[in-house]
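Me: I'd like to go through this one with you in short questions. Can you keep the answers plain?

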Amino acid sequence: AWNTLCLPMFYVASAGVLGAFALNLLLGADEEAHSALQWLLGRTLIFQLGVLALYMIMVAMAPFPDESRSLGRIFAGDLAPLVWGGILLVGMGIPAKLIKDGKIGSLAPLAFICVLAGGFSFRIMMFMIGSSVRNFFG
């Protein structure tokens, strides 16, 4: 789950999303600039979702499979609330809905907080998967 190029790719995608939404937050009340930035915001979310899908495919096909680093644990086990709620719903779903509804300018702080929470959720998930192999905090 950690020995893959998908992991740093997701971190870069997450940083790109966070940077785009930070720029959106800094635009203030300029609605014209927000609408011009919507394309970038949507594309960064789509890219991040694609890299997340690649990561999940890699986990499913990984050699030496183990339940502690499996899709079952990620989507239906103890990590499921973090993945479904933190990454997919809050980190990607709410910002995507705000973009689709054209409310990305007026609710820029909410969108920024959501993508930040999604990034933290992914990192927490990664450490929880990794801690099944190695104790990072002991």
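**Fold and overall numbers**

Reply: Along the sequence the protein chain runs α-α-α-α-α. This is a predicted model: local features need pLDDT of at least 70, side-chain atom pairs count only at pLDDT 80 or more, and totals for chains, interfaces and linings use all residues. Residues are numbered from 1 along each chain as its sequence is written, and side-chain values use heavy atoms, with hydrogens and water left out.

Me: How many helices and strands does the protein chain have?

Reply: Five helices and zero strands. Both are DSSP runs numbered from the N terminus, with helices being H or I of at least four residues and strands E of at least two.

Me: What box do the C-alpha atoms fill?

Reply: Roughly 50 × 25 × 25 Å, taken along the principal axes.

Me: And what share of the residues is buried?

Reply: Of the 138 residues in the protein chain, 37% are buried. Buried means under 20% relative accessible area, exposed means over 50%, and partly exposed is in between (1.4 Å probe, protein chains only).

Me: What about contacts between residues at least 6 apart in sequence?

Reply: In the protein chain, 73% of those join residues at least 24 apart. A contact here is heavy atoms within 4.5 Å.

Me: Which residues make the nonpolar surface patch?

Reply: Leu 5, Met 9, Leu 54, Ile 57 and Met 61, with an area of about 530 Å². Patches are made of residues with over 30% relative accessible area and no salt bridge; like charges are joined within 9 Å, and nonpolar side chains (Val, Leu, Ile, Met, Phe, Trp, Tyr) within 5 Å.

Me: Which helix gives the most to the nonpolar patch?

Reply: Helix α2, residues 31–61, with three residues.

Me: Where is Leu 5?

Reply: In the segment before α1 (6–26). Leu 5 is exposed, at a relative accessible area of 68%.

**Charges**

Me: How far apart are the mean positions of the positive and negative charges?

Reply: 6 Å, for the 8 positive and 7 negative charges of the protein chain. Lys and Arg count as positive, Asp and Glu as negative, and His and the chain ends are not counted. Each charge is placed at NZ of Lys, CZ of Arg, CG of Asp or CD of Glu.

Me: How many salt bridges does the structure hold?

Reply: Two. The criterion is a side-chain nitrogen of Lys or Arg within 4 Å of a carboxyl oxygen of Asp or Glu. Side chains of opposite charge can pair when their charged atoms come close.

Me: Which side chains meet at 2.8 Å?

Reply: Those of Arg 73 and Asp 78, N to O. Arg 73 is buried, at 14% relative accessibility.

Me: And which at 3.3 Å?

Reply: Asp 101 and Lys 97, again N to O. Asp 101 is partly exposed at 36%, and Lys 97 is partly exposed at 44%.

**Single residues**

Me: Switching to the interior. Is Gln 48 buried or exposed?

Reply: Buried, at 4% relative accessibility. Gln 48 is in helix α2. Not counting residues up to four places away in sequence, Gln 48 touches Phe 10, Ala 13, Ser 14, Val 17 and Met 92.

Me: What does Met 56 contact?

Reply: Leaving aside neighbours within four places in sequence, Met 56 contacts Leu 71, Ile 74, Phe 75 and Met 125. Met 56 is also in helix α2 and is buried at 8%. Its C-alpha atom is 9.0 Å from that of Ser 70, 14 residues apart along the chain.

Me: Where is Ser 121?

Reply: In helix α5. Ser 121 is buried at 8% relative accessibility, and its contacts, leaving aside neighbours within four places in sequence, are Leu 82, Gly 86 and Ile 87.

Me: And what does Phe 112 touch?

Reply: Leu 18, Phe 21, Ala 22 and Leu 25, not counting residues up to four places away in sequence. Phe 112 lies in helix α5, residues 108–130.

Note on methods
Areas by Shrake-Rupley, 256 points an atom, 1.4 Å probe, with all protein chains shown as cover.
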